[in-house]
Amino acid sequence: MEPVSVESAIEKAKKKGLRPGRNKGSQAIQFTKGRSKRIEVISWDEFRKTLKERKLQIYESGGSMKIMKRRR
């Protein structure tokens, strides 16, 4: 898995029809199509802010993206 910039990940997500989301009842964020009742769609600004505050990084492998704690 390779780290990707937030802006690059956002552009890729938009092209795939994905939006930023948060699991209801938790602070976990993810990319979503927004069809699940368990996931609340949030703004891209809130998504960026959460990544920064929680020191998260977006990683990509084989066309899929995953959000994890930053590697040191």
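This is a predicted model: local features need pLDDT of at least 70, side-chain atom pairs count only at pLDDT 80 or more; totals for chains, interfaces and linings use all residues.
## Exposure and the model

A residue is called buried when its relative accessible area is under 20%, exposed when that area is over 50%, and partly exposed in between. With a relative accessible area of 59%, Asp45 is therefore an exposed residue.

Side chains of opposite charge can pair when their charged atoms come close. In this model the count comes to five salt bridges. One of them joins Glu46 to Arg22, with the closest N and O atoms 2.3 Å apart. This pair connects distant parts of the chain, since Glu46 belongs to helix H2 whereas Arg22 belongs to strand E2 (residues 19–23), and the two are 24 residues apart. Glu46 has a relative accessible area of 33% and is partly exposed, while Arg22, at 9% relative accessibility, counts as buried.

Asp45 is exposed, but Arg48, at 29% relative accessibility, counts as partly exposed. Arg48 and Asp45 also take part in a network of salt bridges in which they are linked with Glu7. A further salt bridge is formed by Glu53 and Lys49, whose closest N and O atoms are 3.9 Å apart. Glu53 and Lys49 again both lie in helix H2, here four residues apart, about one turn of the helix, and both of them are exposed.

## A cluster of aromatic rings

A pair of aromatic rings is described by the distance of the centres and the angle of the planes. In this model the count comes to three aromatic pairs. Phe31 and Trp44 form a tilted pair, with 6.3 Å from centre to centre and 45 degrees between the planes. Phe31 lies in strand E3 (residues 29–32) and Trp44 in helix H2, so this pair ties together parts that are 13 residues apart in sequence. Both residues are under the cut-off for burial, because Phe31 has a relative accessible area of 13% and Trp44 has one of 17%.

Phe31 also forms a tilted aromatic pair with Phe47, at 5.2 Å centre to centre and 45 degrees between the planes. Phe47 is in helix H2 and Phe31 in strand E3, so the pair ties together parts that are 16 residues apart in sequence. Phe47 counts as buried, at 0% relative accessibility. Taken together, ring pairs link Phe31, Trp44 and Phe47 into a cluster.

Which residues are found in the loop between H2 and E5? Arg54 is one of them, and Lys55 is another, with helix H2 covering residues 44–53 and strand E5 covering residues 56–61. At 31% relative accessibility, Arg54 counts as partly exposed, whereas Lys55 is exposed, with a relative accessible area of 53%. Although Arg54 and Ala28 are 26 residues apart in sequence, they are 10.0 Å apart in space, C-alpha to C-alpha.

Most residues other than glycine have a negative phi. Against that background, the backbone of Lys55 deserves a careful look, as its phi is near 55 degrees, a positive value in a residue other than glycine.

## A patch of positive charge

What gathers on the surface together with Arg54 and Lys55? Lys52, Lys69 and Arg70 gather with them in a patch of positive charge on the surface. A residue in such a patch needs over 30% relative accessible area and no salt bridge.

Terms used
Residues are numbered from 1 along each chain as its sequence is written. Side-chain values use heavy atoms; hydrogens and water are left out. Patches are made of residues with over 30% relative accessible area and no salt bridge: like charges are joined within 9 Å, nonpolar side chains (Val, Leu, Ile, Met, Phe, Trp, Tyr) within 5 Å. Accessible areas come from the Shrake-Rupley method with a 1.4 Å probe; for residues, only the protein chains shown count as cover. A salt bridge is a side-chain nitrogen of Lys or Arg within 4 Å of a carboxyl oxygen of Asp or Glu. Lys and Arg count as positive and Asp and Glu as negative; His and the chain ends are not counted. The place of a charge is taken as NZ of Lys, CZ of Arg, CG of Asp or CD of Glu. Buried means under 20% relative accessible area, exposed over 50%, partly exposed in between (1.4 Å probe, protein chains only). Rings of Phe, Tyr and Trp (its six-membered ring) pair if their centres lie within 6.5 Å; planes under 30 degrees apart count as stacked, over 60 as edge-to-face and the rest as tilted.
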